[in-house]
Amino acid sequence: MSEFTGPDGTRKVVHEVPESVIIVNESTPLISQPGPITAATQALTDHHHLRRGELIGLALMTLSAVGFSTMSLFVKLGGARFPSFQIVFARSVIQTFFGLIGCAILKMNPLGKPGIRGWLFIRGLAGTCGLACLFYSVTKLPLADATVVFFLGPTFTAILASIALGESFTFFDGVCASMCMFGVVLVSKPPFLFGPQEGALVDEASDLGRLFAIFCALLGAIMSAISYVTVRKIGKGAHFMVHVVYFGAIASILSPVGLLLLQEYTPLESLKDYGIMFVIGLSAFVGQCLLNQGLQLAPAGPATLMRMNDVAFAFLIDIFIFHQFPDIFSVLGASIIVFMTTALGLHKWYMHTTAHRPSA
């Protein structure tokens, strides 16, 4: 600040701020006037906002893992009494109900745009098949084993995306995929390699039943990969709430057919039964919403790391709630699958960011 006397004899006060000069009379209130925002300041502000959004996205993905783990826990509890297709039906009806409410709040057509409804149907059909396979495997296997095998979804997605969408699939990706399959062998422990399994669950009639449940988990992972690739194909053409409605509606129609042909309906008799079904549907819906919002905010690489929370929560639930302790082969197989799937996801993210990095 400096003072000088003007031509009219009035004393002036000059306040110097970056890239601007403000001249006021002594009688003028000295109100702070910020200088113009520079490019560097704007970039720093944008960076802070981006980082904050990324942290929020990662937190949402962690919360989504809690939601899906809660769903799996109650599927496991319900599976002791109800067939898997009946649980799929209950979840799907509740999911559709909340999805329609969401579309009404957001003022969007739950059927989506006419040009992509075929793809939305395929996405819902694949998701329904994957969900049915996952729920069956959860009711027949330790929760951690079923979750770990289903965690192969990103690996199958990378393979299918290279075929259907023309995305790259490198030698490194192939190594990761092969190691994941080796991890599945360790988790499934086929009798011709590991011998008969002792201490099998009551739900498992035989080693063949366990292998069939593992196969269902694998098939579920493949179906989820088809579903995810279809979502990628649709892109931003449909809001995620529209996906939720299609998924729930198609599953609500097909699951009773599977129940009628393959299983036997068990009536709900108590408030506890209704509570289990409601929690399954609500936690699944909340988990999907949090996951989709988290994926929009979080970078793909760190987001892949957050998906490991599903496996960690599954092991904790098995140990502390069901008192099922995994053997060394399950732990080793799960570690290989999680590590290789994460490495594949991080590698994809690195290749994408490198390809889109502006040249100097």
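## Packing of H2 against H3

Helices H2 and H3 form a right-handed crossing. In this predicted model, H2 spans residues 84–106 and H3 spans residues 117–140. Their axes come within 9 Å and cross at roughly 125 degrees, which makes H2 oblique to H3.

On the H2 side, the contact is made by Ser-84, Phe-85, Ile-87, Val-88, Arg-91 and Ser-92. H3 contributes Leu-131, Ala-132, Phe-135, Tyr-136 and Thr-139. By class, the contact of H2 with H3 consists of seven nonpolar, three polar and one charged residues.

## Packing of H3 against H8

H3 also packs with helix H8, which covers residues 207–234. The angle between H3 and H8 is about 155 degrees, and their axes lie 7 Å apart. Angles over 145 degrees count as roughly antiparallel, and H3 and H8 are therefore roughly antiparallel to each other.

The crossing of H3 with H8 is left-handed. Its contact residues divide into 16 nonpolar, six polar and three charged.

Leu-152 lies in the loop between helix H4 (143–150) and helix H5 (153–164). The residue has a relative accessible area of 0%; because buried means under 20%, Leu-152 is classed as buried.

Leaving aside residues up to four places away in sequence, Leu-152 touches Cys-180, Met-181, Val-184, Leu-218, Ala-221 and Ile-337. One of these partners, Met-181, is 29 residues from Leu-152 in sequence, with a C-alpha to C-alpha separation of 8.5 Å in space.

Technical notes: Residues numbered from 1 in each chain as written. Predicted model: local features only at pLDDT ≥ 70, side-chain atom pairs only at ≥ 80, totals over all residues. Heavy atoms only, no water. Helix = DSSP H or I, 4+ residues; strand = E, 2+ residues; numbered from the N terminus. Buried < 20%, exposed > 50% of the residue type's maximum accessible area, 1.4 Å probe, protein only. Contact = heavy atoms within 4.5 Å. Axes fitted to C-alpha atoms, helices over the stretch in contact; angles between N-to-C directions. Parallel < 35°, antiparallel > 145°, perpendicular 65-115°, else oblique. Left-handed = near helix turned anticlockwise from the far one by under 90°. Nonpolar A, V, L, I, M, F, W, Y, C, P; charged D, E, K, R; others polar.
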